[in-house]
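I've got one structure to walk you through today, so let me put it up on the screen.

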Amino acid sequence: MKRLAKALSAAFGADAKADGHREPVTFTVPVERFADAAKTLKESYAFLCAQWATDDTNSDRGYGIYACFRHGSEYIIVRASMSRDNPEFPSLVKHFVPAYRFERQIRSLMGVTPVGHPDERPWIKFEDWPEDSWPLRKSFDASKRMARHEGQYAWLGAEGEGVYEIPVGPVHAGIIEPGHFRFQAVGETIINLEERLGYVHKGIEKRFESMTWETAVKLAGRVSGDTTVAHSIAYCMALESMTHCHVPVRAQWQRALFLERERIANHIGDIGAICNDAAFAFMLYQCSRLKEAMLATNHRLFGHRFMMDKVIPGGVTVDIDVTAKKEILSELDFLDEDFNRLVRIYEESSSLEDRVRGTGILTSELARELCVVGVVARASGINVDCRVHNPFPPYDSIGIEAQVLIAGDVHARVWVRVVEIRASMSILRSILTKMPGGPIAVECSAPLPDTTGFAAVEGWRGEIIYWLQSGQIGQINRCMVRDPSSVNWLALEQAIKGNIVPDFPICNKSFNQSYSGHDL
Amino acid sequence: MKSLHLIFIEILQVIIVIAVAPAFAGWVDMLKCWTQGRTSAGVLQPYRNIAKLFVKDVVLAGNASWIFRFTPYLVFGSAVVVGSVVPIISMNLFLAPSADIIVGIAIFASARFFMALAGMDIGTAFGGMGASREMMVASLTEPAILMAIFTVSLAGRSTSLLHIARSFTSGALVLRPSIVFAAIAFLLVVIAETGRIPVDNPSTHLELTMIHEAMILEYSGRHLALIEWGSMIRFFLFVTLGIACFLPWGIAVKDNVGDIAISVFFMVIKLCVVGGVLVIIETGLAKMRLFRLTEFLWAAFLMATLGVIAFFILE
């Protein structure tokens with residue numbers, strides 16, 4: 001038994017029933033001890049990865065509340081049941097800060113109350129929806145038009161001599177996704193930033209429940225368009241863990257190939273965009289050129305610029321041949337050379353360095369408190385990388401390590417990306433030279449009724465988690481999607497405090513979180 | 001007959017200023033594209049932008065006062081007025097004696113004052129933010145630009161642009177330490193005054209980082225066209241002002257067609273070169289953090305002051 005599971009068993013004894021058949025191990029605790037379980041795990045240095053609720057009223061079990069924790073490579077899920085008439089659970093906010101938004105979301109979309117949560121405002125749900133419309137409940141009919149009523153969002157305010165408020169968005173001057181940011185500032189110094197997201201809420205989690213297991217992978221690939229490969233892989237792996245489907249080795253290597261290409265393309269694009277926010281447009285155009293070259297190659301070799309729908313349950317849909325292999329290798333040489341030249345320019349531009357160093361610092365302590373993941377975490381001294389801690393082949397055999405810096409500023413987030421691009425290039429080379437033969441897909445059986453599946457995959461933004469649950473007739477009963485943005489957006493609010501207003505865009509770009517993946 | 005001739009030259013100059021300014025802005029943008037490794041939209045792109053804005057409707061905020069509606073005309077008009085007194089193609093400019101260089105700066109300052117008022121007029125957060133930033137920059141650039149001009153006028157023994165340019169071309173002024181200091185200060189100030197990198201980014205879409213653009217964020221249609229055009233003229237004039245003060249060689253002293261043609265030829269070459277210098281600065285630098293601007297502009301002020309001191313000590 002691993003560390004977290006041991007700690008929970010020791011503290012709870014017979015109160016925590018482990019379901020050892022499932023991976024990760026799922027403990028069921030009495031609902032009134034739900035927060036105690038979190039406290040116990042916190043004392044064992046666990047991170048909170050995700051928190052979600054299920055509606056099991058159709059099978060007469062009321063509602064379920066789940067929390068997923070991680071420590072190193074160990075994941076653990078704690079669940080509790082709530083009665084149908086009184087669905088409430090003790091809030092985890094006191095122990096884990098990210099629960100702040102998870103629980104607001106649970107209350108807004110599932111109508112389950114976190115007792116002791118300090119903030120009763122809705123999250124993602126719009127304020128002009130009727131009080132009792134909870135889209136994730138089974139009784140909610142998604143095909144009907146939502147009734148609207150008057151509603152106002154209660155913003156946090158600040159008062160005092162010289163304090164003023166800057167509302168930005170949701171419609172921005174540039175072509176980016178919608179999100180509202182409200183700054184309280186004194187002069188140019190930001191004393192508080194409040195985010196308001198949810199403008200691209202599409203009801204994706206609800207939509208999953210009306211799809212079949214095979215078609216749902218397409219939806220997973222569209223949760224956040226720029227991370228389509230990682231999301232598809234995470235969904236497929238969660239499904240494969242439910243059905244004990246053994247994916248051929250070559251397909252897994254191929255998935256890693258897609259994943260790393262997606263990572264390189266997006267990281268290069270990010271680096272250019274970050275520099276552009278310091279008005280260093282040269283980097284933007286040069287990085288865009290490299291990114292475009294990769295996307296064009298993707299289109300030529302795999303039939304889609306972003307490799308959408310190339311990963312399916314049981315394998316992948318496209319194979320690479322010898323000429324494709326050669327093409328990727330020669331493209332890597334060209335990318336490598338051009339990219340390193342750009343990195344040298346980045347390093348040697350002192351005016352750029354002045355902007356990125358010391359800006360938007362997310363300290364290690366804060367990053368740990370906020371349980372951030374991905375590039376943001378690794379730039380703040382937190383060693384999390386699913387490819388290292390929970391590898392699927394070929395990551396278990398090609399020897400990679402997490403790239404961790406401690407500064408936590410914009411430069412650190414750029415530099416983690418730079419180092420990861422170089423690492424991903426060498427991963428791609430090893431994949432291409434050592435890729436085993438064999439089939440690229442197998443047929444997977446449908447999941448049995450009433451089972452769950454779980455997967456965590458390192459997308460380019462960070463750890464993506466899928467948790468699937470089948471219903472009584474084997475249909476999709478619940479599909480929980482946890483994009484890295486769901487936790488990292490909160491960190492941006494904290495990192496920006498004390499910075500000046502004109503430095504917000506560059507900080508925001510260095511986080512570059514997905515609105516779509518967060519709003520679902 | 002003589003005065004008719006002068007009026008003709010004056011009108012010619014005003015037309016040239018209004019007509020050529022967008023081409024100069026286009027030239028700078030074109031060079032910028034090239035240095036970034038892109039193909040450019042060409043020198044004519046600013047004309048197309050202006051034409052496009054003129055055919056679009058004006059969207060006006062419900063609570064906009066006369067200040068908001070009046071400012072675009074003031075901005076454009078003030079730029080044209082200054083354009084009529086800076087000796088660009090000829091020394092015998094009809095209106096040039098009516099205003100010296102300090103008046104020119106003051107006219108620009110009043111346009112800026114109204115622009116800041118217009119920014120705050122609508123009551124949006126960005127307008128106020130941009131206005132406050134613009135005023136901060138202005139409070140630092142204006143002393144520096146005046147100091148730089150004092151140095152030149154000390155050397156030229158007049159604040160009149162005509163006198164300064166004449167004494168330069170007549171060889172009374174050679175390249176001296178005070179003038180070099182003043183020229184450096186003037187270059188730094190022009191970058192700040194015209195809202196270019198590393199002070200401001202004219203092509204940004206990021207509302208929160210804007211200075212000049214934040215003030216005019218609510219403008220549209222012909223209002224925006226006039227402000228943009230006015231800004232292009234302002235940019236062009238600052239560059240020609242610098243050329244008139246620091247590189248006046250080649251300007252027509254007598255008003256015959258041949259001399260004016262030569263003067264226009266030299267002007268084009270000088271503009272192309274100065275545009276190139278600005279672009280190299282812009283491409284090679286990232287935008288400064290807002291509060292670093294004080295250091296940048298103090299450096300300009302220091303340079304200008306050194307110019308004045310150098311004049312008295314060394315010359």
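Let me start with a pair of residues: A:Asp55 sits across from A:Tyr63 in E4(A). Keep in mind that this is a predicted model. The two strands behind that pair are E3(A) and strand E4 of chain A, residues 63-71, and they run antiparallel with eight bridges between them.

Zoom out a bit and you see the sheet they belong to. Five strands of chain A make an open sheet, ordered E1-E2-E5-E4-E3, and the pairing is mixed. Which strands stand at the edges here? Those are strand E1 (17-19) and strand E3 (47-55) of chain A, and each has a single partner strand, so one side of each is left without a neighbour in the sheet. Going from one strand to the next, the twist averages 25°.

Now, domains. Chain A splits into domain 1, covering 3-115, and domain 2, covering 204-519. Taken over C-alpha atoms, their centres are 27 Å apart. Across the boundary, 19 residues of domain 1 of chain A are in contact with 17 residues of domain 2 of chain A. And E3(A) shows up again: six residues on the domain 1 side come from it, the largest share. That side has eleven nonpolar, five polar and three charged residues.

Next, the inside. How many residues does the largest nonpolar core have? The count is 262, and among those with the most contacts inside it are A:Ala234, A:Tyr466 and B:Ala144. Helix H9 of chain B, residues 221-246, gives this core 17 residues, the largest share. The core also draws at least three residues from each of domain 1 and domain 2 of chain A.

Beyond its neighbours within four places in sequence, A:Ala234 is in contact with A:Ala455, A:Val457, A:Ile464, A:Ile465 and A:Tyr466. Two of the names on that list are also bridge partners: A:Ala455 pairs with A:Tyr466 in E14(A).

That brings us to strand E13 of chain A, residues 452-458. Seven of its seven residues are buried. In a regular strand, side chains alternate between the two faces of the sheet. For E13(A), both faces are covered: A:Thr452, A:Phe454, A:Ala456 and A:Glu458 are buried on one side, and A:Gly453, A:Ala455 and A:Val457 on the other. E13(A) runs antiparallel to strand E14 of chain A, residues 463-470, through seven bridges. The two form a hairpin with four residues between them, and in the turn A:Gly462 has a positive phi of about 150°.

One more sheet, then the other chain. Strands E8-E9-E10 of chain A, in that order, form an open antiparallel sheet. Strand E8 (163-168) and strand E10 (189-196) stand at the edges, each with a single partner strand, so one side of each has no neighbour in the sheet. The twist here averages 20° from one strand to the next. E9(A), residues 180-186, is joined to E10(A) by seven bridges, and A:Phe181 stands opposite A:Glu195.

Finally, the interface: 26 residues of chain A are in contact with 22 residues of chain B. On the chain A side, the elements giving two or more residues include E8, helix H8 (281-302) and helix H16 (504-511). By class, that side divides into 16 nonpolar, four polar and six charged.

That's my tour, so over to you.

Methods. Residues are numbered from 1 along each chain as its sequence is written. Chains are lettered from A and ligands numbered from 1 in the order in which they are written. This is a predicted model: local features need pLDDT of at least 70, side-chain atom pairs count only at pLDDT 80 or more; totals for chains, interfaces and linings use all residues. Two strands pair if DSSP finds at least two bridges between them. Axes are lines fitted to C-alpha atoms, for helices over the stretch in contact, and angles run from 0 to 180 degrees between N-to-C directions. Two residues are in contact if their C-beta atoms, placed from the backbone, lie within 7 Å. Ala, Val, Leu, Ile, Met, Phe, Trp, Tyr, Cys and Pro count as nonpolar, Asp, Glu, Lys and Arg as charged, and the others, Gly among them, as polar. A nonpolar core is a set of buried Ala, Val, Leu, Ile, Met, Phe, Trp, Tyr and Cys residues joined through C-beta atoms within 7 Å. A residue is buried if 20 or more other C-beta atoms lie within 10 Å of its own, exposed if 12 or fewer, and partly exposed in between; C-beta atoms are placed from the backbone. Domain bounds come from an automatic or database domain assignment.
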